Amino acid sequence: MLNEFKKFAMRGNVVDLAVGIIIGGAFGKIVSSLVADVIMPPIGLLLGNVDFTSLFINLSGEEYATLAAAEAAGAPVIRYGTFINTILDFVIVAFAIFLLVRSINRMKKAEPPPPPPGPSAEEKLLTEIRDLLKAR
């Protein structure tokens, strides 16, 4: 039973899925903080002091100075700056998972290739016939 569980647990898809879930959950908040607090401020500075989390499209037609003011008024908005941050979060998490799965796959032992198949029954019979003819 233990060997059967070990075979199940070490199957490629199960391990890959478990690693993805664990790493994604464990590093999700760290990556979100990295993107929002470390990566996006310099990018915003390079683009002219843009704060991506405050970027929005107002759908109500009225003018609001900030995203907070529009949300406080209950105006429908599209927060595309937050969406950009979320995309960067995803890319970083996906790359980290890729690197981890790649390293796990390298650590796995490669299965030896199956031995080549032996001669068929017809080939064996023909070989015997040939050997008998040579012996004459």
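Mentor: Start with a pair of side chains: R130 and D131 form a salt bridge, with an N to O distance of 3.2 Å. Keep in mind that this is a predicted model.

Trainee: What is the general idea behind such a pair?

Mentor: Side chains of opposite charge can pair when their charged atoms come close. In this structure, R130 is partly exposed at 43% relative accessible area. D131 is partly exposed too, at 39% relative accessibility.

Trainee: How many salt bridges does the structure hold?

Mentor: There are 2. Besides the R130 pair, the side chains of R79 and E71 meet at 3.5 Å, N to O. R79 has 44% relative accessibility, so it counts as partly exposed. E71 is partly exposed as well, at 36%.

Trainee: Which residues are in contact with F52, leaving aside neighbours within four places in sequence?

Mentor: M40, I43, G44 and L47 are among them. For a separation, take V19: 33 residues along the chain from F52, with 31 Å between the C-alpha atoms.

Trainee: What about T53? Where does it lie?

Mentor: T53 also lies in the loop between α2 and β1. At 36% relative accessibility, T53 counts as partly exposed. Leaving aside neighbours within four places in sequence, T53 is in contact with L67, T82 and N85. The C-alpha atoms of T53 and M107 are 41 Å apart, across 54 residues of chain.

Trainee: Last, the surface. Which residues make the nonpolar patch?

Mentor: I57, L59, I78, Y80, F83, I84, I87, F90 and V91 make it. Its area is about 840 Å².

Trainee: Which helix gives the largest share of the patch?

Mentor: Helix α4, residues 80-107, with 6 residues.

Trainee: And L59, where is its place?

Mentor: In the loop between β1 and α3, the latter spanning residues 67-72. The cut-off for exposed is over 50%. L59 reaches 53% relative accessibility and therefore counts as exposed.

Conventions. Residues are numbered from 1 along each chain as its sequence is written. This is a predicted model: local features need pLDDT of at least 70, side-chain atom pairs count only at pLDDT 80 or more; totals for chains, interfaces and linings use all residues. Side-chain values use heavy atoms; hydrogens and water are left out. Contact means heavy atoms within 4.5 Å. A salt bridge is a side-chain nitrogen of Lys or Arg within 4 Å of a carboxyl oxygen of Asp or Glu. Buried means under 20% relative accessible area, exposed over 50%, partly exposed in between (1.4 Å probe, protein chains only). Helices (H or I, at least four residues) and strands (E, at least two) are DSSP runs, numbered from the N terminus. Patches are made of residues with over 30% relative accessible area and no salt bridge: like charges are joined within 9 Å, nonpolar side chains (Val, Leu, Ile, Met, Phe, Trp, Tyr) within 5 Å. Accessible areas come from the Shrake-Rupley method with a 1.4 Å probe; for residues, only the protein chains shown count as cover.
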